[in-house]
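Hello,

Here is the structure I promised to pass along. Please have a look at it first, and then read on for my notes.

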Amino acid sequence: VQLQASGGGLVQAGGSLRLSCAASGRTFSSYAMGWFRQAPGKERDFVAAINWSGGSTYYADSVKGRFTISRDNAKNTVYLQMNSLKPEDTAVYYCAADSYGVLEKRTAGKRDEYDYWGQGTLVTVSS
């Protein structure tokens with residue numbers, strides 16, 4: 001599967017952005033999906049994840065209550081709605097796909113769980 005992330009940009013603190021990740025292939029609905037982010041000079045960190053059905057979601061503590069992950073299997077797309085953005089949210093955001101389809105809380109944040117990665121989209125939050 002190929003993943004294409006989009007929707008990044010420059011926004012002021014307190015603002016909102018919605019990222020999209022479009023997937024190719026007919027098996028998208030069977031994949032669990034995740035969002036990660038990488039700030040300059042830092043490791044790639046987990047942001048949010050969603051199981052194949054959309055029935056289970058997981059979030060990093062740093063974004064809980066501000067970000068929402070969702071998916072539209074008919075459109076082969078996963079979204080990340082980001083509200084109340086902070087300067088520390090500035091990073092390149094990556095979407096990823098897990099072919100097993102089902103993530104657990106203990107595994108959702110592990111990069112090794114994911115089989116496919118998109119190219120990233122830059123989010124810059126100004127203070």
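Below is what turned up when I went through it.

Please keep in mind that this is a predicted model.

Let me start with the sheet. Four strands make up an open sheet in the order β1-β3-β8-β7, and their pairing is antiparallel. The edge positions belong to β1 (3-6) and β7 (67-72); each has a single partner strand, so one side of each is left without a neighbour in the sheet. From one strand to the next, the twist averages 15°. As for β1, its antiparallel pairing with strand β3 (residues 17-23) runs over 4 bridges. Serine 6 has serine 20, in β3, as its bridge partner.

For your torsion checks, the angle about the S-S bond is 60°, and the link is right-handed. Are the two cysteines buried or exposed? Both cysteine 21 and cysteine 95 are buried.

Next come the aromatic rings, with 5 aromatic pairs counted. One of them is tyrosine 31 with tyrosine 116, an edge-to-face pair at 6.0 Å centre to centre and 65° between the planes. Tyrosine 31 lies in the loop between β3 and β4 (32-38), while tyrosine 116 is in strand β10 (residues 116-117), 85 residues apart. With a relative accessible area of 9%, tyrosine 31 is buried, whereas tyrosine 116 is partly exposed at 31%.

Phenylalanine 36 and tyrosine 114 make another edge-to-face pair, with 5.2 Å between the centres and 85° between the planes. This pair, too, links distant parts of the chain: phenylalanine 36 belongs to strand β4 and tyrosine 114 to the loop between β9 and β10, 78 residues apart. Both phenylalanine 36 and tyrosine 114 are buried. These two rings are part of one aromatic cluster formed by Phe36, Phe46, Tyr114 and Trp117.

Finally, which rings does arginine 44 lie over? One is tyrosine 94, whose face it covers at 3.6 Å from the ring centre. The other is tryptophan 117, where the charged end of arginine 44 sits 5.1 Å from the centre of the ring. Tryptophan 117 is also a member of the aromatic cluster described above.

Happy to hear your thoughts once you have had a look.

Best wishes

Note on methods:
Residues are numbered from 1 along each chain as its sequence is written. This is a predicted model: local features need pLDDT of at least 70, side-chain atom pairs count only at pLDDT 80 or more; totals for chains, interfaces and linings use all residues. Side-chain values use heavy atoms; hydrogens and water are left out. Two strands pair if DSSP finds at least two bridges between them. Helices (H or I, at least four residues) and strands (E, at least two) are DSSP runs, numbered from the N terminus. Axes are lines fitted to C-alpha atoms, for helices over the stretch in contact, and angles run from 0 to 180 degrees between N-to-C directions. A disulfide is a pair of cysteine sulfur atoms within 2.5 Å. Buried means under 20% relative accessible area, exposed over 50%, partly exposed in between (1.4 Å probe, protein chains only). Rings of Phe, Tyr and Trp (its six-membered ring) pair if their centres lie within 6.5 Å; planes under 30 degrees apart count as stacked, over 60 as edge-to-face and the rest as tilted. A charge sits over a ring if NZ of Lys or CZ of Arg is within 6 Å of the ring centre and within 35 degrees of the ring normal.
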